[in-house]
Amino acid sequence: MMFHVKHSVATVLAWVLCLVVLPLPLVRFLDAGLVDAPQRILVTDLGLLAYVWWLVATALSTRPLWLERAIGLPSLYFLHGVLGVAALISAGLHVLFSTTFHALTRVTGLSAWYIELFTVLAAIVFLSGWITDRVGWMRRFRRWWEKVITHEVSVWIHRLNFVAIALILIHISSIPRVNRLTGFIIVLWIYSALSLGTYAWAKFVAPVAPSRQGTVVANTTLTPSTWQIGIALDSHARLPQPGDFYFISFHGVPHFSSVAHPFSVSSLDRAKHTVTFTIHASGDLTARMGDVPTGTSVLLEGPFGQFDKEIERHADSPLVLIGMGAGIAPLLGIAQTWAGKRQICVLDIVSRKADLYYARDFESLTGVEFRSHLHRVTAEDVRQMVNPDLLARGLFIVVGPAAGVIGTEYVLRNCGVARNRLCDERLTM
Ligand SMILES: Cc1cc2nc3c(=O)[nH]c(=O)nc-3n(C[C@H](O)[C@H](O)[C@H](O)COP(=O)(O)OP(=O)(O)OC[C@H]3O[C@@H](n4cnc5c(N)ncnc54)[C@H](O)[C@@H]3O)c2cc1C
């Protein structure tokens with residue numbers, strides 16, 4: 001979901017804050033204390049800039065809910081990724097132009113840079129969709145690789161950046177002309193503690209909050225590879241908006257408890273405080289969803305999502321909801337909420353007829369036109385299924401695997417759908 005990035009005032013402010021405002025005080029502290037040639041100070045600043053960007057990227061990896069609400073998770077992840085790459089480049093220039101006679105300074109600095117290089121490249125290929133969403137052979141390579149090294153292992157490899165942070169702290173502390181700048185060192189440690197503290201709080205303290213806990217109350221098989229999971233939320237939990245998603249970990253289910261996986265809410269029962277998820281087997285863990293017994297306790301992080309805001313923003317537009325595979329999941333809740341209040345057309349694109357498990361639910365909703373299609377759609381298919389008025393005025397919400405979303409949006413653009421009436425969610429990070 002990386003490249004569906006919202007451009008808003010909040011997004012611009014977040015970028016300026018992370019890229020410019022946050023590093024400034026530390027750079028000023030350093031420059032005020034260092035006595036050196038301007039070029040050498042600039043090279044030192046580049047190293048410091050890289051470190052601060054690395055710390056900010058680490059703090060952003062905790063997906064702060066307040067920031068997600070302001071700019072959306074795709075923008076947040078994009079900013080996290082760009083900060084990582086910018087830090088790598090800035091640190092690379094610092095390494096290239098620095099000289100030092102201290103072995104400890106040299107070894108820790110170089111090791112941190114190699115770790116950064118490795119973790120950033122691995123994240124671009126195995127965690128983000130920057131390349132794999134667009135390049136077919138890279139996507140196939142990643143799928144093959146994930147049979148050997150699972151997504152969870154890639155996440156652990158990414159956490160090597162904490163080793164890099166420790167090495168950089170030793171690196172900076174071992175430079176005598178910097179180490180004697182007490183004010184700078186204190187602020188540096190405050191920055192480091194804030195970033196690592198934010199991470200530790202998000203990983204170890206926040207999850208024990210009662211509002212994050214839930215219990216599996218239903219597990220229904222929709223097809224041999226799709227399950228509908230009902231989860232009762234804690235009475236203090238904030239209820240989701242239609243189309244929102246959570247990161248969920250299932251306690252006591254091997255592997256599912258260690259890394260949280262994102263799943264969209266298909267429907268909400270406000271009276272019972274229960275949310276329903278539709279989970280399709282797409283990898284080793286989701287394939288075992290059928291084995292999750294009722295009574296299993298779960299940890300929920302969220303709700304995240306921006307669809308409700310987009311729908312409110314396009315107050316007069318009819319809704320065209322396009323789901324591919326498991327992408328139909330969040331669209332059911334959206335259709336249930338807006339049925340009778342907006343004109344709605346649903347397109348369910350599947351690879352097998354058996355996957356049209358929500359057809360009846362959509363058809364039973366007042367004023368909802370339901371269409372289904374086997375395999376990818378062409379511009380001609382779209383023109384046949386969606387009337388010209390909807391193509392001209394509708395807000396299109398497209399959800400599915402990244403490659404499918406990109407392809408379908410390309411087709412929609414060819415059918416005359418304006419870019420500002422397209423929003424999507426890609427079911428990969
Ligand atoms: C916003 C969002 C909403 C989603 N909603 C649904 C839904 O309603 N129903 C549904 O069936 N699927 C949904 N998915 C996809 C679902 O998260 C993945 O299919 C699932 O995490 C795969 O786990 P796995 O271990 O079985 O597969 P793996 O083989 O480990 O991974 C398969 C692919 O899933 C992605 N993935 C795996 N683990 C994670 C993770 N922790 N975080 C992000 N991506 C991951 C990776 O791109 C990976 O390439 C959603 C994804 C996103 C990003």
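How far is the sulfur of Cys415 from the closest cysteine sulfur, and in which residue does that sulfur lie? In this predicted model, the closest cysteine sulfur to that of Cys415 belongs to Cys345, at 13 Å, which is too far for a bond. A disulfide requires two cysteine sulfur atoms within 2.5 Å. Cys423 is likewise in no disulfide, as the nearest cysteine sulfur, again that of Cys345, is 15 Å away. Across the whole structure, the search finds zero disulfides. Cys415 counts as buried, at 11% relative accessibility, and Cys423 is also buried, with a relative accessible area of 2%.

The shell around the ligand holds 26 residues, of which Glu146, His261, Pro262, His280 and Thr286 come nearest.

| Residue | Protein atom | Ligand atom | Distance |
|---|---|---|---|
| Glu146 | polar side-chain atom | oxygen | 2.7 Å |
| Ala260 | backbone N or O atom | nitrogen | 2.9 Å |
| Thr278 | polar backbone atom | nitrogen | 2.8 Å |

On its own, the ligand has 880 Å² of accessible area, and the protein covers 93% of that area. Two or more shell residues come from each of the following elements: helix H7 (136–148), strand E4 (261–269), strand E5 (274–280) and strand E11 (422–426). Strand E4 gives the most to the shell, with four residues.

How values were computed: Residues numbered from 1 in each chain as written. Predicted model: local features only at pLDDT ≥ 70, side-chain atom pairs only at ≥ 80, totals over all residues. Heavy atoms only, no water. Near = heavy atom within 4 Å. Polar contact = N/O pair within 3.5 Å; in protein donor to acceptor, adjacent residues only side chain to side chain. Areas by Shrake-Rupley, 256 points an atom, 1.4 Å probe, with all protein chains shown as cover. Buried < 20%, exposed > 50% of the residue type's maximum accessible area, 1.4 Å probe, protein only.
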